[in-house]
Amino acid sequence: MYRNYEIEIVTDSGTCIIKPEMQIVFECNKSIKSGSNSCNIDIYNLSSSNREALTKDIDEHDKKMSVVFKGGYSHNCSELFRGTVNTAGTTRSGNDYISHLECTDGGFAFQNSYTSITVTK
């Protein structure tokens, strides 16, 4: 048995699917309390075109990026996280380019929703 994963990131410009042998580091947090769950994913040494496609500032509300992260062993991968990318960028550490994705489930809805109520006397 071997560890397996798949990360599917959908952007305005297309879909990027990341599978082994790419090195990744991730941390997913799930809570039973109200609020959103989060997942931070670091992907090492993507191609320059994928690094450019996977950039998003916190102020770019109109730029939608969704992510599905699956993990498991051998050919048995289960969905671990599904959500939206809040911020994405790449840093360099030595010879490695590390693309950081900060994701939340329901992130786009949290950032772009509003409540409309009528108040009467």
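Helices (H or I, at least four residues) and strands (E, at least two) are DSSP runs, numbered from the N terminus. By that numbering, N37 sits in the loop between strand 3 and strand 4 (38–44).

This is a predicted model, in which local features need pLDDT of at least 70 and side-chain atom pairs count only at pLDDT 80 or more, while totals for chains, interfaces and linings use all residues. Residues are numbered from 1 along each chain as its sequence is written, and side-chain values use heavy atoms, with hydrogens and water left out.

**Salt bridges**

Side chains of opposite charge can pair when their charged atoms come close. A salt bridge here is a side-chain nitrogen of Lys or Arg within 4 Å of a carboxyl oxygen of Asp or Glu. The whole structure holds 2 salt bridges.

| Salt bridge | N to O distance |
|---|---|
| E6 and K19 | 3.7 Å |
| R82 and E79 | 2.8 Å |

The pair E6 and K19 links distant parts of the chain, 13 residues apart: E6 belongs to strand 1 (residues 3–11), and K19 to the loop between strand 2 (14–18) and strand 3 (24–29). For accessibility, buried means under 20% relative accessible area, exposed over 50%, and partly exposed in between (1.4 Å probe, protein chains only). K19 is partly exposed because its relative accessibility is 45%. E79 is also partly exposed, with a relative accessible area of 42%.

**The surroundings of N37**

N37 is buried, at 9% relative accessible area. Its side chain reaches the backbone nitrogen of S31 at 2.8 Å. Leaving aside residues up to four places away in sequence, N37 is in contact (heavy atoms within 4.5 Å) with N29, K30, S31, F81, C103, T104 and D105.

Key
Polar contact = N/O pair within 3.5 Å; in protein donor to acceptor, adjacent residues only side chain to side chain.
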